[in-house]
Amino acid sequence: MYSEKVIDHYKNPRNVGSMPKNDPEVGTGMVGAPECGDVMRLQIKVNPETQVIEDAKFKTFGCGSAIASSSLATEWVKGKTIEDALQIKNTDIVRELSLPPVKIHCSVLAEDAIKAAIGDWKSRHSESASEPQASAASPKAE
Amino acid sequence: MAPKLPIYMDNHATTPVDPRVVEAMLPFFTDRFGNAASRNHSFGWTAEEAVENARAQIARLINASPKEIIFTSGATESDNLAIKGVAEMYREKGNHIITQATEHKAVLDTCKRLEKYGYEVTYLPVEKDGQVNLEDLERAITPKTILITIMYANNEIGTVQPVAEIGRIAKAHNVLFHVDGVQAVGKIPVDVQKDGIHLMSISAHKIYGPKGVGALYVRRKNPRVQVASQIDGGGHERGMRSGTLNVPGIVGLGKACEICQEEMATESVRMAALRDRLKHAIMGKLDEVYINGSLEHRLPNNLNISFAYVEGESLLMGINDVAVSSGSACTSATLEPSYVLKALGVGEDLAHTSIRFGLGRFNTEEEVDYVAQRVVETVSRLRELSPLYDLAKEGVDLSKLSWKTD
């Protein structure tokens, strides 16, 4: 039921870990919800001069396909500019990992996580960043 | 000694057929292949004798009379026959049925269909431990109530219901009482007299018998219960269930019941010991694991645990040489976790992290130790991967975060 690539990412997830959330060069995206059975946290470290994503880390609560989708996302964003990273589509992830239809939401979540992390980074780096604009998909403390 | 892999620990789903059962069945495929309904020759008589012997073996296990046993294709059919058969037969008396939220789908979906035909169904909630509240049950009874259908023991969480008390309530209100006995019969003592049961569904393949055969107990005295047949034909099984009898299967069900009766006392103690060994091995090594269901009123072979911050399906993937079952439903289109855990009030976040271990006759201590070790390793590894575990360790209360759920 799982493709070999999913199993490989599940067994040997790439770029697992965390970066300091408050580091100005780090963007954090957390998407999903525990009650839906999937939460992904994707972090990117961006060079402000070149806009290149120099490092990426993830942690995921979810099924094997969710873990594989986020692991793959970290591999793909590394070395890309944020504009190029924003071009990654969930359908690319579906194709690469041969996800079945019931697992497409995992790839959607991974795309959302990339966008949320970049959104978070941008919000710290745009001129109007004085009021921190929480990414729509990030959980906020009530 | 390392156990042979893969390890089967999903005995609530099905069980392997006991070799003694296979042995009893085999002649009825070849030499003794007769149709039990053939009255004119020895082939038929031999088959009929075997069927009647099985009827007696089953009846003995539940303290019934052999004439009260109706053979079916399995417990799903038994549940359908009991509920639809009573609904149809007693339609003039009333149209109200009482059941509970944690029943098997064979009961719930049957009730749902009856609702389409004008019946009214009360789906009682359950307590935190999975037991039905007897006061709720009694209050739900109306003059229109014809049937209470409550399972003996739950297939996911192993909670055993207060069946004898429910039987007394049913009797006091002159309402029929059907019990889905699939997980309980053969595992714990079940006595249709003491428990005041009027109808009970039984399955062979949950008690080391073959798939595709089951039975429905239908009381004949105090009161005499009637069910309208749902399959019409040759009038087999006293007109309640037509169709040529599955003689080898029935012989297997009978033999399986006989073995359960002889070995239940020792087997249930052994199951509980294995279950507790598994529980202690897991809980001694991992924090934030929660047992679902009742600790006190529980099948000896069931353990259902939520491993906080680790999604169930990813855990199953990590212990892929062990066959257990997950309360998560990541593969379903709705992403809904187990409705049974939900009915217990287990949060959806924890429901996604639950695993059901179903121990069986052929599990060993070595297997239990291996499974515990694999579970502990995999949960630890996946927690290192879990952003929720990180947050929890930082002291963040996850329930206080607002998640975007669309």
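This is a predicted model: local features need pLDDT of at least 70, side-chain atom pairs count only at pLDDT 80 or more; totals for chains, interfaces and linings use all residues.
The interface between the two chains was examined first by contacts and area. On the chain B side, 31 residues are in contact with 35 residues of chain A. The area buried between chain B and chain A amounts to about 2900 Å², and carbon and sulfur atoms give 64% of this area. Within chain B, the residues that lose the most area to chain A are B:Met317, B:Leu385 and B:Trp403; together they account for 23% of what that side buries.

The rule finds 3 salt bridges between chain B and chain A. In one salt bridge, the side chain of B:Glu313 meets that of A:Lys103, with an N to O distance of 2.9 Å. On the side of chain B that touches chain A, two or more residues each come from helix H8 (312–318), helix H10 (348–351), helix H11 (365–384), helix H12 (387–393) and strand S14 (401–402) of chain B. By class, that side of chain B comprises 12 nonpolar, 9 polar and 10 charged residues.

In soluble globular proteins, nonpolar side chains tend to be buried together. The largest nonpolar core of the model has 63 residues. Of these residues, A:Ile44, B:Met9, B:Leu278, B:Ile282, B:Phe307 and B:Phe357 touch the most other members. The element that gives the most to this core is helix H5 (residues 104–125) of chain A, with 9 residues. With neighbours within four places in sequence left aside, B:Leu278 is in contact with B:Met9 and B:Phe357, and also with B:Leu303, B:Val368, B:Val371 and B:Ala372. Another core, of 57 residues, lies apart from the largest one; among its members are B:Ala59, B:Ile62, B:Ile207 and B:Ala215.

A charged residue, B:Arg383, is found in helix H11 of chain B. B:Arg383 counts as buried because its relative accessible area is 2%, below the 20% limit.

Most residues other than glycine have a negative phi, and most peptide bonds are trans. Two cis peptide bonds are described here for chain B. One joins B:Leu5 and B:Pro6, with omega of about -5°, and B:Pro6 lies in the segment before strand S1 (7–8) of chain B. The other runs from B:Asn222 to B:Pro223, with omega near -5°; B:Pro223 is placed in the loop between strand S8 (214–218) and helix H7 (247–283) of chain B.

Positive phi values occur in chain A at A:Asn15 and A:Gln51. Phi of A:Asn15 is about 60°, and this residue lies in the loop between helix H1 (4–11) and strand S1 (26–33) of chain A. A:Asn15 has a relative accessibility of 17% and therefore counts as buried. For A:Gln51, phi is near 65°, and the residue lies in the loop between strand S2 (38–47) and strand S3 (52–61) of chain A. The relative accessibility of A:Gln51 is 30%, so this residue counts as partly exposed.

Note on methods. Residues are numbered from 1 along each chain as its sequence is written. Chains are lettered from A and ligands numbered from 1 in the order in which they are written. Side-chain values use heavy atoms; hydrogens and water are left out. Contact means heavy atoms within 4.5 Å. Buried area is the accessible area (1.4 Å probe) that two parts lose on being put together, summed over both. A salt bridge is a side-chain nitrogen of Lys or Arg within 4 Å of a carboxyl oxygen of Asp or Glu. Helices (H or I, at least four residues) and strands (E, at least two) are DSSP runs, numbered from the N terminus. A nonpolar core is a set of buried Ala, Val, Leu, Ile, Met, Phe, Trp, Tyr and Cys residues joined through side-chain atoms within 4.5 Å. Buried means under 20% relative accessible area, exposed over 50%, partly exposed in between (1.4 Å probe, protein chains only).
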